[in-house]
Amino acid sequence: MGEFRLPRPFQKEGPMIANYGYKDGSGDFFIAIDTDKCDGCGACIEVCPAQAFEVGEDPNDPLREEPVAVIVESVRKKLKYACAQCKPVTDRPPLPCVQACPAEAISHSW
Amino acid sequence: MAEEYWRWTESRWTNPDLSWKDGEIVTAGVDVGSVSSQAVIMVDGRLYAYANTRTGSDSPNSAINVMNWALEETDGLSLDQVQYTVGTGYGRVNVPFAQRAITEIACHARGANFMYGPTVRTVMDMGGQDCKAIHCDEKGKVTNFLMNDKCAAGTGRGMEVFADLLNVSINEMGELSLRVEEEPPPVSSTCVVFAKSEASGLLRAGWPKEKVLAAYSSAMAHRVVSLLERIGMEEDFAITGGIAKNKGVVLRLEKELGVKALEPKYDTQIAGAVGAALFSKALVEKEKSKKK
Amino acid sequence: MLTAGIDIGAKTIEIVILDDGKIAFQNLTVAGYDVRESLKKAWEDIEAQSGIKLDGIKKIVATGAGRKDTIYASDTITEVSAAAKGALALNRDIRTVVDVGAEEGRAIKVDSAGKVMDFAINEKCAAGAGAFTEAMARALEVPLEELGPLSLQSTQAVPMNAQCAVFAESELVTLVHNKTPKPDMARAIHDAIADRIVSMVRRVGLEEKVMLIGGVARNIGFVTSLKRDLETEVIVPEDCEYVGAYGAALAAAGK
């Protein structure tokens with residue numbers, strides 16, 4: 001049988017995490033938005049130099065009434081490249097989007 | 001690229017035990033992907049008819065084409081009598097007769113819940129040009145997801161590249177990959193372009209097709225597992241999309257996960273359209289209750 | 001004293017021979033299925049064309065993806081080091097080196113002493129290197145060497161959404177179906193890969209002067225798109241594919 005181990009336990013009442021991005025030959029590049037924490041305030045939009053965020057109706061939960069932040073569709077496929085300007089090889093400062101979010105709903109996988 | 005090898009079986013089906021005339025709510029869901037398109041018609045939330053075809057390069061018309069193909073076999077049902085249609089998939093903007101568009105993530109969760117039952121919690125959709133992992137609850141509501149449509153690895157298109165390289169039809173790839181005595185090491189490149197060069201090298205070194213297919217299917221299964229590792233997994237587990245029909249990938253995936261996927265009772269490619277048709281029904285009911 | 005550098009790439013093998021630190025001879029061979037055979041042939045060609053014998057070379061350093069696979073070299077250096085060394089030896093004012101090969105793309109930041117400060121690599125993904133333009137040329141049914149000049153005839157920029165060589169091919173099929181002019185599609189291809197290379201350069205920080213090396217530097221379409229995207233001048237040396245091997249040869253000469 002397989003030796004598959006969950007990196008973290010799957011919680012039934014856990015947050016709804018939307019993972020936008022991709023995994024390709026060169027690595028995993030995902031921005032995860034905790035949609036339970038996100039209330040659609042839009043602070044992320046102001047600070048992102050790549051215009052990667054937008055706020056609106058939750059596309060993946062048609063019944064949700066509160067707006068939510070999503071990664072713009074055209075940026076999703078280029079996430080590694082779009083985020084490159086905030087991720088210099090050395091002296092990497094804290095990420096503007098992560099810092100700006102008052103609910104700490106944003107995290108990057110790389 | 002030679003035309004024949006991608007040719008997975010296009011299909012359609014009409015429910016022999018149901019007539020749309022006996023139902024109250026007739027709804028449809030249309031899923032337009034870059035590789036394939038599906039249309040599903042439901043009567044009072046029961047599966048009535050569906051069609052699954054290749055999108056081809058005529059994507060603006062693929063929605064109406066697949067819908068017409070599904071309607072053809074029905075008992076005289078025409079598009080005017082369908083009360084509500086939801087479009088989904090990459091080409092959801094190209095479903096001109098839809099009243100609304102809903103993302104494939106939401107539709108796949110709903111569709112998987114219908115097709116596999118309320119116990120399904122993790123859905124792996126391996127489509128033509130994307131590969132996504134979705135968590136849902138007992139009602140088919142999305143609770144987590146991981147969407148991956150940038151890279152061809154783990155998608156139907158990746159499989160098609162190999163079908164073309166090995167001169168094997170897509171329908172046979174699964175079976176063929178299982179005809180090995182010993183499981184070879186997986187292809188080391190994730191990237192389909194580099195994996196193809198690697199496979200060419202293996203063929204030149206004398207590897208039979210079956211062995212190369214086994215190595216590639218193994219790499220694909222491994223990739224899916226790493227995606228699931230990022231999002232976590234809970235049973236019951238189900239696979240949708242075209243690659244769910246590839247026994248070679250499915251068995252290897254189940255082996256590496258240590259979990260058996262639920263047995264599909266319907267064509268695994270219709271999950272998105274099923275979910276869309278169910279959303280249609282919910283929206284019709286909502287409108288009706290508002291009027292009361 | 002003769003020293004040499006070998007750059008074993010995915011597609012080609014370059015050998016540069018120095019005599020007391022000055023370039024004496026250089027050779028480029030296609031990397032065949034059997035790298036050893038290709039190298040053997042390369043040395044034979046070198047001897048036939050220049051009279052230089054393999055056993056007359058005091059020290060050989062290898063670089064490139066296949067650097068560990070050769071018995072000829074006594075040492076190896078990384079592609080990043082080789083590119084930095086070679087580029088700076090050609091032009092002391094270079095501070096950013098962009099190296100785009102068949103399977104990898106690199107951006108390297110160097111200081112005035114030629115020391116590598118930062119680097120970023122696009123690897124294991126065909127969309128980030130020459131394999132992309134090669135695949136697209138095949139899809140468009142245009143010989144690779146004609147793709148660049150063709151793109152210069154473009155009259156408008158057409159965006160490319162796909163970030164994967166396989167999906168880009170499907171996208172090209174749709175563009176062909178929509179009767180997009182070939183030069184515009186050719187330009188779209190170069191713009192797409194230049195875009196990816198530029199974001200890598202931004203990660204190390206752009207500082208002039210910028211030098212572009214590697215096989216893809218031969219592609220005038222790519223160079224044009226790169227210059228446009230970077231908004232700076234880009235220096236492309238005459239023998240752009242040999243710079244890695246040159247750097248390795250300099251390392252062998254202790255420079």
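Q: How many residues does the contact take from chain B, and how many from chain A?
A: Quick caveat: this is a predicted model, where local features need pLDDT of at least 70 and side-chain atom pairs count only at pLDDT 80 or more, while totals for chains, interfaces and linings use all residues. Residues are numbered from 1 along each chain as its sequence is written, with chains lettered from A and ligands numbered from 1 in the order in which they are written. Counting two residues as in contact if their C-beta atoms, placed from the backbone, lie within 7 Å, the tally is 33 residues from chain B and 22 from chain A.

Q: Which element gives the most to the side of chain B that touches chain A?
A: Elements here are DSSP runs numbered from the N terminus: helices are H or I with at least four residues, strands E with at least two. On that side, α2 (104-116), β9 (142-148), α6 (209-231) and α7 (247-257) of chain B each supply at least two residues. The top contributor, with 7 residues, is β9(B).

Q: What is the radius of gyration of chain C?
A: Chain C has 8 helices and 10 strands. For its 255 residues the globule rule gives 18 Å, and the chain's value is close to that, so chain C is as compact as a globular protein of that length. The rule is 2.2 Å times the number of residues to the power 0.38, with the radius taken over C-alpha atoms. For chain C, that radius is 19 Å.

Q: Which are the edge strands of the open sheet in chain C?
A: The sheet has 5 strands in the order β3-β2-β1-β4-β5, with mixed pairing. Inside it, β1 (residues 2-8) and β4 (residues 59-63) of chain C pair in the parallel sense over 5 bridges. The strands that pair on one side only are β3 (22-30) and β5 (75-76) of chain C.

Q: At what rough angle do the axes of α6(C) and α7(C) cross?
A: Axes are lines fitted to C-alpha atoms, for helices over the stretch in contact, and angles run from 0 to 180 degrees between N-to-C directions. Helix α6 (residues 182-204) and helix α7 (residues 220-230) of chain C have axes that come within 8 Å. They cross at roughly 50°.

Note on methods
Pairing = 2+ DSSP bridges.
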